[in-house]
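Me: I would like to learn how to read a few features of a protein model. Could we go through them one at a time?

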Amino acid sequence: MCGIFGYWDRSRRALDDAALAEMGRQLAHRGPDDAGVWHQPQRGVAVGNRRLSIIDLAHGHQPFVSDDGRVAVVQNGEIFNYVELAQELRREGVALRTASDTEVILRLYEREGIACLDKLNGMFAIAIDDARADALYLARDRIGVKPLYVADDGERAVFASELKAILPWTAARRGLEGIDLEAVHHYLSFNYIPAPWTIWQGVRHVMPGTWMKFTRAGVETRRWWNLAAQREADQEFGAWAEEFLAILEDATRIRLRADVPWGAFLSGGVDSSTIVALMARHVQQPVRTFCIGFADPRFDESVFAAEAARRFGCRHTSEIAELNMLDRWPQVLRHLDQPHGDASFMPTLRVSELAARHVKVVLTGDGGDELFAGYDKYADYFARAEVGALDDDAFRRSYFDSISLFSPDAKLGLYTEAMARQVGGIDSFRSAALPWFEQAGHFDRLNQALYLDMQLLLSGNNLVKPDRMGMAVSIEARTPFLDWRMMEFAFRSRGATKLHGGDKKHWYKRAVAPLIGQDLAYRRKQMFTVPIGEWFRGESHGWLAQTLRGSALLRRLFRPEPIEAMLAAHRDGTANHTRELRALAALALWSAPFAA
């Protein structure tokens, strides 16, 4: 786990070393253990790294540079099958000087070029300066576990793992004038900004499963992995369960490779309990597990986590946390670099802080809900009688509407005249969702919905959570469910194996019940969140109203009347506007430093 950064200038204009050092400093929390830069000022290119040392602590310094000095590689993340790849390289006569997974990337690239990405099983964002081709490659893992952003003005491309390391070195305007209003428009539909947009004009994601090649002539972008290439097939439950467990166990096993202390987040839910049970099979010592609880039993999972920890013989650490975490929200948003309306970032930061006192790596259950239909929204939507009668176009629009925060009409009613003129004609469904649906049209309808969430919700919000909150305290989060073998297996599985008669994760829970027990397998899902809607109605209503009314950005973009109406209706209990008010508050809090 690290942070990477650098630039490519088509006219060979060098960025000064002080600027590169500052880019690295902005990412120091991602990599507090080491730093390195490969700078070729005569070519106008640099690749840099801030390192959190996890594998080969003594010899893993980045960048890794080829023997002839013509290729330099940095990465953020881990290649979990690096042991097998290193063995393959040695059998072919390649000399490896370290036990680092980053050296494996370098040696594979030297032999196979950018096609080597297909061999990597991991979570990664990679930058490769190849002087032989006079080109810079940026590549991102299959589903976007690791972040990577780029700003390219046609002359200079600047890239980094976080937005804060990019903005000072681009032509993009900063402050309120530089905000991408289309991104805000989409944010109000999704509760996060969907890729490729970011909050800043001219700054975009390197998309998951994609590489970009920068040359003097321009940029080439190619998708190197596509989840939609899968085709659903029928299976009997016994064969399905055997394959599911075999893949997940091996995915967990290879994610235990680390030269530092490791553990797991454990909530006592089916996903984290399954991962911890599989971890326990492959280690001699008790698994270190971490959980936070709350005094309010409606939001407290610690009793279930303790039950799971006892079952699997874990060395468990749990703390009762303060319930009202609103004072942590500005800190969370600073680490996110963008507005997110998801309140669960706050408790995720809190449990990350707890784990960071003891370990540098944690395994998590992230991805299980999006792959196997674990959220109530899937059961609720597909239980609607009218859904089965919809044609394909109507289904896609209907599902999008069901997950949207503000409807198109509600957004237009919120906007000032100036905002409406700029973005009112943009359809978030057609711009951000429909292209993904069109790729997934051969899947059954549940898998189409899951595919959309894999591409947008997962990389746009749910994976941002463990990455940024873990990196805020310098720990690495690993996600066995997002091993490429499991993702492809899940989308070869028909929707009926995932949701049946309202039973979410239908075959998955049957498969793991003998491993984790019936109680944990079939425990009702409890969201890892806090009762922010209740605070908005009671103790924190005044704070919320002041935050929204005092925001320069909100005054610029939105009419005050609909906001005041939502505040009053929510306070009085005549409507529940928790999600809408939460999203607006996040936007206000995120933008406050830029309006100062």
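Reply: Start with a term: helices and strands are DSSP runs, a helix having at least four residues and a strand at least two, and they are numbered from the N terminus. Keep in mind that this is a predicted model.

Me: Which element gives the largest share of the lining of the second largest pocket?

Reply: A pocket is an open set of grid points, and its lining residues have an atom within 4 Å of a point. Here α25 supplies the largest share of the lining, four residues. Two elements, α8 (329-336) and α25 (578-595), each supply at least two lining residues. The lining has 14 residues in total, and those nearest the centre of the pocket are Leu333, Arg334, Asp337, Trp590 and Phe594. The space in this pocket is about 270 Å³.

Me: How many residues of that lining are nonpolar, polar and charged?

Reply: There are 10 nonpolar and four charged residues in the lining of the second largest pocket, and no polar ones.

Me: How many cavities of 30 Å³ or more are there in the whole structure?

Reply: In a cavity, the probe fits but cannot get out. The search finds five of 30 Å³ or more. The largest cavity holds about 80 Å³ of space. Its lining has 14 residues, with Arg51, Gln62, Glu78, Asp101 and Thr102 closest to the centre. Two or more lining residues come from each of β5 (71-79) and α3 (101-112), and β5 gives the most, three residues. By class, the lining of the largest cavity is made of five nonpolar, six polar and three charged residues.

Me: Next, helices. Which residues of α7 are buried?

Reply: The general idea comes first. An α-helix has 3.6 residues a turn, so residues three or four places apart point the same way. In α7 (residues 302-311), the buried residues include Ser302, Ala305, Ala308 and Ala309. Because these residues cover an arc of only 120° around the axis, they are on the same side of α7. Val303 and Arg310, on the other side of α7, are exposed.

Me: Now single residues. Is Asp9 buried or exposed?

Reply: Buried means under 20% relative accessible area. Asp9, in strand β1 (residues 2-9), has a value of 0%, so Asp9 is buried.

Me: What does the side chain of Asp9 make a polar contact with?

Reply: The side chain of Asp9 makes a polar contact with the side chain of Arg156, at 3.0 Å. The side chain of Asp9 also reaches the backbone nitrogen of Ser11 at 2.9 Å. Leaving aside neighbours within four places in sequence, the residues in contact with Asp9 are Arg43, Gly44, Glu155, Arg156 and Arg216.

Me: Why does Lys504 count as buried?

Reply: Use the cut-off again: under 20% is buried. Lys504 has 17% relative accessibility, so Lys504 counts as buried. This residue lies in strand β19 (residues 503-504).

Me: Which side chain makes a polar contact with the side chain of Lys504?

Reply: The side chain of Asp376 does, at 3.0 Å. Beyond its neighbours within four places in sequence, Lys504 is in contact with several residues, among them Ala373, Gly374, Tyr375, Asp376 and Lys509.

Definitions and conventions
Residues are numbered from 1 along each chain as its sequence is written. This is a predicted model: local features need pLDDT of at least 70, side-chain atom pairs count only at pLDDT 80 or more; totals for chains, interfaces and linings use all residues. Side-chain values use heavy atoms; hydrogens and water are left out. On a 1 Å grid over the protein atoms alone, a cavity is a set of points where a 1.4 Å probe fits but cannot get out, and a pocket is an open set with protein on both sides within 12 Å along at least five of seven lines; lining residues have an atom within 4 Å of a point. Grid points are joined across faces, edges and corners, and a volume is the space filled by probe spheres set on the points. Ala, Val, Leu, Ile, Met, Phe, Trp, Tyr, Cys and Pro count as nonpolar, Asp, Glu, Lys and Arg as charged, and the others, Gly among them, as polar. Buried means under 20% relative accessible area, exposed over 50%, partly exposed in between (1.4 Å probe, protein chains only). A polar contact is a pair of N or O atoms within 3.5 Å; within protein, one must be able to donate a hydrogen and the other to accept it, and residues adjacent in sequence count only if both atoms are side-chain atoms. Contact means heavy atoms within 4.5 Å. The arc is that of the directions from the helix axis to the C-beta atoms.
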